[in-house]
Amino acid sequence: FIKKNKNCVLEGRDASTKILPSSDLKFYFICSLNIAARRRYKDLRNKSKKIKFNDVKKALYKRNLMDKSRKISPLQKHRDAVVVNTGKLSKNAVLDKMSKHVDNFLKNKYGKNRFKR
C-alpha cells in the first residue's frame, strides 16, 4: 500500500518506528492515563451502561504496558516524532496543532509561494 501511495497518512502504534520509519512527518500522542481512560469510558458508556471507569482504566494500563514491553515491534516514540500532548486539547485543537506542523513541512519542502491551503 505504502509503495503504491506515496502521499498518504498512516496511523498506528508502530507506524513511525516499524512500518514507515522514513516518513516525512511523525506524531506521537501522549496524555495521562486518567484522561485517556475518561475519554474511552465516555465512548464505551454510549454502547453499554454497565461499563465501569476503573475497568476501562485498568484495560488501558494493561494495553499500554503490553504494547511497550512486547518483544516484536514495541510501542516507542521515534526520535523525529513531534510529541502532541492531547491531555488538555480538544479534537479541533489537536488537528490545528498537527496542521501547523504539516503546513511548515510543506512550506519548507516546496517553498512558501508554491504551497497554499
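The model is predicted.

**The core**

Start with the largest nonpolar core. It has five residues: Phe27, Val82, Val84, Val94 and Met98. Two elements each give two or more residues to this core: strand E2 (82-85) and helix H4 (91-110).

Phenylalanine 27 lies in strand E1 (residues 27-30). Leave out residues up to four places away in sequence, and phenylalanine 27 touches Ala81, Val82, Val84, Met98, His101 and Val102. Valine 82 has contacts too. Beyond its neighbours within four places in sequence, valine 82 meets Lys26, Phe27, Tyr28 and His101.

**Two helices that cross**

Two packed helices are described by the angle between their axes and the distance between the axes. Take helix H2 (residues 33-45) and helix H3 (residues 53-69). Their axes come within 9 Å and cross at roughly 120°. Angles of 65 to 115 degrees would count as roughly perpendicular, and those over 145 as roughly antiparallel. H2 and H3 are therefore oblique to each other. Their crossing is right-handed.

Which residues make the contact? On the H2 side they are Leu33, Asn34, Ala36, Ala37, Arg38, Arg40, Tyr41 and Leu44. On the H3 side they are Phe53, Val56, Lys57, Leu60 and Tyr61. By class, the contact of H2 with H3 has nine nonpolar, one polar and three charged residues.

Arginine 38 is part of helix H2. Is arginine 38 buried or exposed? Its relative accessibility is 52%, so arginine 38 counts as exposed. The cut-off for exposed is over 50%.

Serine 73 sits in the loop between H3 and E2. Its phi is near 55°, a positive value in a residue other than glycine. Is serine 73 buried or exposed? At 13% relative accessibility, it counts as buried, because buried means under 20%.

**Distances between pairs**

| Pair | Apart in sequence | Apart in space, C-alpha to C-alpha |
|---|---|---|
| Phenylalanine 27 and serine 16 | 11 residues | 8.1 Å |
| Arginine 38 and aspartate 67 | 29 residues | 20 Å |

Each pair includes a residue described above. Phenylalanine 27 belongs to the largest nonpolar core. Arginine 38 belongs to the contact of H2 with H3.

Definitions and conventions
Residues are numbered from 1 along each chain as its sequence is written. This is a predicted model: local features need pLDDT of at least 70, side-chain atom pairs count only at pLDDT 80 or more; totals for chains, interfaces and linings use all residues. Side-chain values use heavy atoms; hydrogens and water are left out. A nonpolar core is a set of buried Ala, Val, Leu, Ile, Met, Phe, Trp, Tyr and Cys residues joined through side-chain atoms within 4.5 Å. Buried means under 20% relative accessible area, exposed over 50%, partly exposed in between (1.4 Å probe, protein chains only). Helices (H or I, at least four residues) and strands (E, at least two) are DSSP runs, numbered from the N terminus. Contact means heavy atoms within 4.5 Å. Axes are lines fitted to C-alpha atoms, for helices over the stretch in contact, and angles run from 0 to 180 degrees between N-to-C directions. Angles under 35 degrees count as roughly parallel, over 145 as roughly antiparallel, 65 to 115 as roughly perpendicular and the rest as oblique. A crossing is left-handed if the near helix is turned anticlockwise from the far one by less than a right angle, and right-handed if clockwise. Ala, Val, Leu, Ile, Met, Phe, Trp, Tyr, Cys and Pro count as nonpolar, Asp, Glu, Lys and Arg as charged, and the others, Gly among them, as polar.
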